[in-house]
Amino acid sequence: MQIRLAGIVNDSIVDGTGIRLTVFVQGCEHNCKGCHNPQTHDLNGGYLADTDDILEKALKNPLLEGLTFSGGEPFLQPYPLCDLAKKAHKAGYNIFCYTGFIYEDLLNDSEKRNLLENVDFLVDGPFIESQKSLMLNFRGSENQRIIDVKKSLETGETVVIDMDNY
Ligand code: SF4
C-alpha cells in the first residue's frame, strides 16, 4: 500500500524502547511552534513508498525491537500505517506512534481509531515549546503523554506510563 514519507531511520534509539525503525511520514497541519521537522509539513512533499518495502527494510535488521511512526502526522495516513502495523505485529514487532492529536479525540474518529487499535504505545499531543525539556525520554515537551494503548482500550481509562527512567 502506498504511503507518503519524509524519510526512514532504521536504527533509532530515541523514538521508543530498544532499537527501532522509525518511519517519518510526510504531512502535518498542527504547526507547533518550534517544531524540529518543518520539512515534513507539506502534504504534497516527500516521496511515495510502499508499506511492504518498509517492512522488508525492517526485517533486514535482526536487532530491531519495533517500528515507530513519527512525522509529520501519522494519523493523516491511517490506512497505510494500519496496513504496516498489522504486518509488523505479525513479524513480532511492537509499534510506537507519535501524534499531535490528543488520544481521547482519536477515539472518536473511526478512521483514526482504526490505526490506534494497531498501535502499542502512543505519544500524544502537540509539541509545546514552553514545556520543552531535555530530561524527558521519548517526548519533546511535558504535556505529551506516553499511553499504553492496549491497556487503555481494554479498561476504557487512559493508561499513561512513565518512561523517563527507562
Ligand atoms: S505535530 Fe510534530 S511534526 Fe507536526 S508541527 Fe507538531 S511537532 Fe511538528
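The ligand sits in the largest pocket. This is a predicted model, where local features need pLDDT of at least 70, side-chain atom pairs count only at pLDDT 80 or more, and totals for chains, interfaces and linings use all residues. Residues are numbered from 1 along each chain as its sequence is written, and side-chain values use heavy atoms, with hydrogens and water left out.

Let's start with that pocket. A pocket here is an open set of points on a 1 Å grid over the protein atoms alone, with protein on both sides within 12 Å along at least five of seven lines, and its lining residues have an atom within 4 Å of a point. To "sit" in one, a molecule needs more than half of its atoms within 2 Å of the grid points. The volume is about 740 Å³, counted as the space filled by probe spheres set on the points. There are 31 lining residues, and those closest to the centre are Asn 37, Ser 70, Tyr 98, Gly 140 and Gln 144.

Who surrounds the ligand? The shell, meaning residues with a heavy atom within 4 Å, is made of Cys 28, His 30, Asn 31, Cys 32, Cys 35, His 41, Gly 71, Gly 72, Gly 100 and Phe 127.

Asn 31, in the loop between β2 and β3, has a positive phi of about 50° although it is not a glycine. Gly 72 lies in the loop between β4 (64–70) and α2 (78–90), and the peptide bond from Gly 71 to Gly 72 is cis, with omega near 5°.

Now the sheet. Strands are DSSP runs of E with at least two residues, and helices are runs of H or I with at least four. Seven strands form an open sheet in the order β3-β1-β2-β4-β5-β6-β7, with mixed pairing; pairing takes at least two DSSP bridges. At the edges are β3 (47–50) and β7 (145–148).

Notes. 1 Å grid on protein atoms, 1.4 Å probe; cavity = no way out; pocket = protein on both sides within 12 Å on 5 of 7 lines; lining within 4 Å.
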